[in-house]
Structure formats: structure tokens, C-alpha cells
Amino acid sequence: MKTIGLIGGMSWESTAHYYRILNTETARRLGGLHSAPVIIHSVDFAPIAAMQAEGRWHDAGVVLNGAAKALEAAGAQVLGLATNTMHLVAEEVTEGVSARFIHIADPTADALLADGYDTVGLLGTRFTMEMGFYKDRLSARGLTPLTPDVDHTNLNGIIYDELCKGIIREESRKIYLNAIERLAHRGAQAVILGCTEIGMLVDDSVSALPCYDTTELHAQALVDAALA
């Protein structure tokens, strides 16, 4: 099994979920006491979040590129960036890196298409919902992504002010469930949990639409690549 390099810390709450999934999925496939060979470079999220808010995407890309190069130098052969939003700078992150990079939107699109969906809701940070980098990649695969028409700021605030800090509030869950219901009324057949923390709040047991958790799908794809 190849060594997986994970650029995490954005937030550490979701990175912890990645680590669990990487290992449980490896154990499921290989059996016994097997676990995944993983190297994690966990960044300090506060400076990255400040760069996001200030639109300093290039600066953030430089920081994450350094993390990717450090992981490859440490022996990582497969790379994952454990955040949806920062895939905006995926090209900068992988510049000068030869390890195989698994883009978080790709296994998500694969799963949706395999299940026969084409019109899908997309929830995430305001950057993921409003900027084209993520929606365009989904559209290129033949999917039609829909984003909430209201309450972007509220959804975004719940991610940064609550979920990234491990805070789970029932009122915030209701806000997300309401957004999903609105997307369903507009024709969404399923919903992408397009921020690695949203799965802490919403899943199939409470959602009006089937949920596609990018954290789980991405981690599983990293195991796929490591075992290929």
C-alpha cells in the first residue's frame, strides 16, 4: 500500500474524521490489524482563514504547496488536500509535486453519476458556493450544481464559527436542513456536503435529499489510490 500524505488542519475537526476513515476503510479492505500508512501535515488554520477572507489565495497556495512538498519529501506517494475550499488553489498546491493528487470533487462526481443523479445541491463555504472553481469541475462532468439562493452568509458562518470549533447546535442543523429542502424544491436530486465539516451536522438520517459527504468520498478515494 502506498503512503498517503494528507494536508489537514482546515479544520482539524474534519482532518480527524479523515484519519478515522482512512484507517477503517483500509482495515475493511485488507482485514486483520491493517491500517493505512498516513503522513499528516496539519497547518494552523487561523492564518489560512485570514488569507481566505482577504482574498490572498496565492499566498495560501504557497503555504499549502510547501506542505505538499514536505509530505512528498517524507515519503508520501498519494496526496489529499483535506478541505473543499482550498481546492481553489489546487494547481498551486501541486506545482512541482509528482505524487498523485486526488481532487476532492472527482470522487464526489463519480459517486453521483454512478447513482444516476445529474442535478445536485451544493453546500459549503461561501467561496465554494459562489466561486466557479468547484461548480465548474462538476459541470465539466455533466452535473448541474445548484447552490442556495438565500442564507449564504449564515451557512458560511455556521461552518467557521461553530463546526470548525467542534460546536454542534440543533438550530444550525435546522438551518442546513431548510437549505436542503429549498434545493429539493428547485429540482436537486441529491446534495453535496461540500465542506469537510458539514457531515458533522447533516446526514441521510435527517436530510430531505441523499447526502454525498465529500470527506468520506475523498478519504475512500485516497485509499483506492494507495491500494492501486
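Colleague: Is methionine 1 buried, partly exposed or exposed?

Modeller: Methionine 1 is partly exposed, because its relative accessible area is 39%. Buried means under 20%, exposed over 50% and partly exposed in between, with a 1.4 Å probe and protein chains only. This is a predicted model, where local features need pLDDT of at least 70, side-chain atom pairs count only at pLDDT 80 or more, and totals for chains, interfaces and linings use all residues. Residues are numbered from 1 along each chain as its sequence is written, and side-chain values use heavy atoms, with hydrogens and water left out.

Colleague: Thanks! Where does methionine 1 lie?

Modeller: In the segment before strand S1 (4-8). Strands (E, at least two residues) and helices (H or I, at least four) are DSSP runs, numbered from the N terminus.

Colleague: And in what order do the strands of the open sheet come?

Modeller: The order is S2-S1-S3-S4, with parallel pairing; two strands pair if DSSP finds at least two bridges between them. The edge strands, S2 (38-42) and S4 (100-102), each pair on one side only.

Colleague: How many bridges link S1 and S3?

Modeller: Four, and S3 covers residues 78-81. Glycine 5 stands opposite leucine 79 in S3.

Colleague: Switching topic: which residues of helix H7 are buried?

Modeller: Phe133, Tyr134, Lys135 and Leu138, in a helix spanning residues 132-140.

Colleague: What covers them?

Modeller: The cover includes helix H5 (105-114), strand S5 (119-123) and helix H10 (214-227), among others. Just after H7, glycine 142 takes a positive phi of about 95°.

Methods. Contact means heavy atoms within 4.5 Å.
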